[in-house]
Amino acid sequence: MENREVARILRETAQLLEIDGAMIARYRSYERAAELLGGLPQSIEELAEDRAKLMELPGIGEGMADHIQEILKTGDYSLRAKLLKKYPETILQLLDLQSLGPKKVALLWKTFKAGTVEQLEKIAREGKLRDLAGFGEKSEENILKAIAVHKKSAGRFHVDVAEEKAEELAAHIRAFGKPIEAVTPTGSLRRGKETVGDLDLLVTLSSGKNTPKAIESISRHILEFPEIDQTLAHGENKVSFLLKNGLQVDVRILEKESFGAALLYFTGSKEHNVTLRGRANDMGYTLNEYALATLKGERPVARATEEEIYAKLGLDYIPPELRENTGEIDAAAKHELPDLVELSDMRGDLQMHTTASDGRNSIEEMALAAKELGYEYIALTDHSKAVTVANGLDEKRTLEQIKKIHAANAKHLGIRVLASSEVDVLKSGKLDLDDEVLAQLDIVLVSIHSYMTMARAEMTERILAAIENPYTQIVGHPTGRLVLRREAYAYDMERILDAAREHGVVMECNASPERLDLKDTHLRMAKERGVQISISTDAHTTRGLLAMRYGVQMARRGWIEKKDVINAHSLEKLLAALRPKPGAATHEKHRAASASARRSSKPRGTN
Ligand code: DGT
Ligand code: CA
Ligand code: CA
Ligand code: ZN
């Protein structure tokens, strides 16, 4: 069982207990255990094999150790199951709605017996929520918005969840051995979308081995995957099933001769395929999941690789992330495709948190984990004081943190740690820290964490004010969206991007799979305007640093190239690319001098 899964069961138990009116201490202990597991670098399953080790974890006593072991053993937890006899399971979906916590859900249940999203929607539409204690007209409106998001996202999964399942499943299928040569994810997962509706996998067999008998025994093996809840289809060369977490999987089994054609077809998008087929027809070919063939003779022209098929169609190879029919086919015909940024281009990570605010690891732990990833530098961006729930730092603590970062650098960790802060943008658009403190940071990142439902015009002014502040260098998670949970703030993106360009402010592509913000279309708008991008994980644990690949994928979907990404540059180039600090003439000189000193003392390849 994965940590995430155990954490989910604990969190749901906490929420159900709170709905049930349990004492704070009781449900908080489950909540804390869930949080702990969420940030745990080791596998809880392995750890729990040794009960003593389990109990060494902070906040895990005898009782919680028992609960965790029960969950690992049975896949569920008896108390959660018991509470779900009292309340419908759908009540958990209400908790998923943005702006509804257990207290409000409990009240809705008590007052209206509302236990499903549909029931809640009806009550809200009838205007019955506004008179309820703790609600009001505005919150009625917000609940309806949250329901709209929920409906749109129902049945879709975050990319990291889908990817993890795809890997487990691929490992299971590969274990069958010969004649399986490869298991390849396709569909939206391969295109790097932020959410996946269902998982599409291709199983490739050695030449001449796709006999009905072989396919049948492989299909049977696939259907033995332990997490399958229900088989949906079991056909000639396809099996479909539903996993216990609700994710649907389509697996196709084929011979390697037509791998390229199948990969192209099942990677999609559908719109890309349609345009590609049109082009094939215009050139006298047909294109389907088996081959690119001549119209008359059905003679295959290309089928083994995608590269061959694109080439026969007079196109450069189109990376999967671009296959959305938004101009990529024309660009490929004109040899004008972008040279997309790659994970291996990344030289540093410019947003992460430490124990100073709401992160779980220390300065050095984050630095050393980042060094392991091959980075040259990181920026530590603990929250500022307005974000009290995250233990944000005031001016005094920020100065202390800067000192600690300097001390860490003095230890020659083999990676440069930049002192930064995720400075909160207040309701007025002002920044949450004094200028004197901002001036001492190596990088100033600003983000919004409050008053997210402001009117469009007001929100635009607020962000413009933040960008116009001479200390602002990067805007973090610029639209505030949470994937599958919360829509972007309403504002005029074009004006914001124009301002970012004008002031040399970088827009972040937040790589956390929960955010992926800016998203692809906004990144492309930014690129068209010449706005620089940073791709950063917003890690709250050392493990969180691994999310970089999702951000890179999203950037690729936004046609972003290495040259557009400031943290794909060397430290020296990064510092030169950032907006100069107010009164930077002396800083500039100092920076140039120290940069050349570094160069002469320690030569290293730069880009
Ligand atoms: P999803 O599952 O909603 O995240 O998105 P996709 O893109 O994975 O869509 P899905 O699973 O329905 O289909 C996988 C790929 O198979 C799709 O990207 C293109 C291809 N495909 C499926 N159905 C059709 C179809 O009717 N026509 C064409 N041209 N392609 C299709
Ligand atoms: Ca799919
Ligand atoms: Ca599918
Ligand atoms: Zn933030």
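The model is predicted, so local features need pLDDT of at least 70 and side-chain atom pairs count only at pLDDT 80 or more, while totals for chains, interfaces and linings use all residues. Residues are numbered from 1 along each chain as its sequence is written, chains are lettered from A and ligands numbered from 1 in the order in which they are written, and side-chain values use heavy atoms, with hydrogens and water left out.

- Arg191 places a polar side-chain atom 2.9 Å from an oxygen atom of ligand 1. A polar contact is a pair of N or O atoms within 3.5 Å; within protein, one must be able to donate a hydrogen and the other to accept it, and residues adjacent in sequence count only if both atoms are side-chain atoms.
- Arg277 has a polar side-chain atom 3.3 Å from a nitrogen atom of ligand 1, and a polar backbone atom of Thr267 is 3.5 Å from an oxygen atom of ligand 1.
- The protein buries 72% of the 600 Å² that ligand 1 exposes when taken alone. These accessible areas come from the Shrake-Rupley method with a 1.4 Å probe; for residues, only the protein chains shown count as cover.
- Helices (H or I, at least four residues) and strands (E, at least two) are DSSP runs, numbered from the N terminus.

- The calcium ion (ligand 3) is coordinated at 2.3 to 2.7 Å by Asp198 (OD), Asp198 (OD), Asp200 (OD) and Asp250 (OD). Donors are N, O and S atoms within 2.8 Å of the metal (3.2 Å for Na, K and Ca); water is not among the atoms, so sites may look incomplete.
- Along the sequence, the donor residues of this ion follow the spacing D-x1-D-x49-D.
- Asp198 in strand 4 and Asp250 in strand 7 (residues 248–255) are 52 residues apart, and the pair links distant parts of the chain.
- The calcium ion (ligand 2) is coordinated by Asp198 (O), Asp198 (OD) and Asp200 (OD), at 2.2 to 2.5 Å.
- The site of the calcium ion (ligand 2) is irregular, with angles of 69 to 166° among its six donor atoms. Four donors count as tetrahedral if all angles lie between 85 and 135 degrees; four count as square planar and six as octahedral if opposite donors are over 155 degrees apart and all others between 65 and 115; anything else is irregular.
- Asp198 bridges the two calcium ions (ligand 3 and ligand 2), which lie 3.7 Å apart.
- Asp198 is partly exposed because its relative accessibility is 23%, whereas Asp250 at 7% is buried and so is Asp200 at 12%. Buried means under 20% relative accessible area, exposed over 50%, partly exposed in between (1.4 Å probe, protein chains only).

**The zinc ion**

- Glu422 (OE), His449 (NE2) and His477 (NE2) coordinate the zinc ion (ligand 4) at 2.0 to 2.2 Å, with the sequence spacing E-x26-H-x27-H.
- His449 sits in the loop between strand 14 (443–447) and helix 21 (456–468), and His477 in the loop between strand 15 (474–475) and helix 22 (493–503), so the pair ties together parts that are 28 residues apart in sequence.
- His449 counts as partly exposed at 21% relative accessibility, while His477 counts as buried at 1%.

**Backbone details worth a look**

- Lys178 and Pro179 are joined by a cis peptide bond with omega of about 0°; Pro179 lies in the loop between helix 11 (159–174) and strand 2 (180–185).
- Asp517 and Leu518 are also joined by a cis peptide bond, with omega of about 5°, and Leu518 is in the loop between strand 16 (506–510) and helix 23 (520–528).
- Leu516, in the loop between strand 16 and helix 23, has a positive phi of about 45° although it is not a glycine, and Leu516 is buried at 1% relative accessible area.
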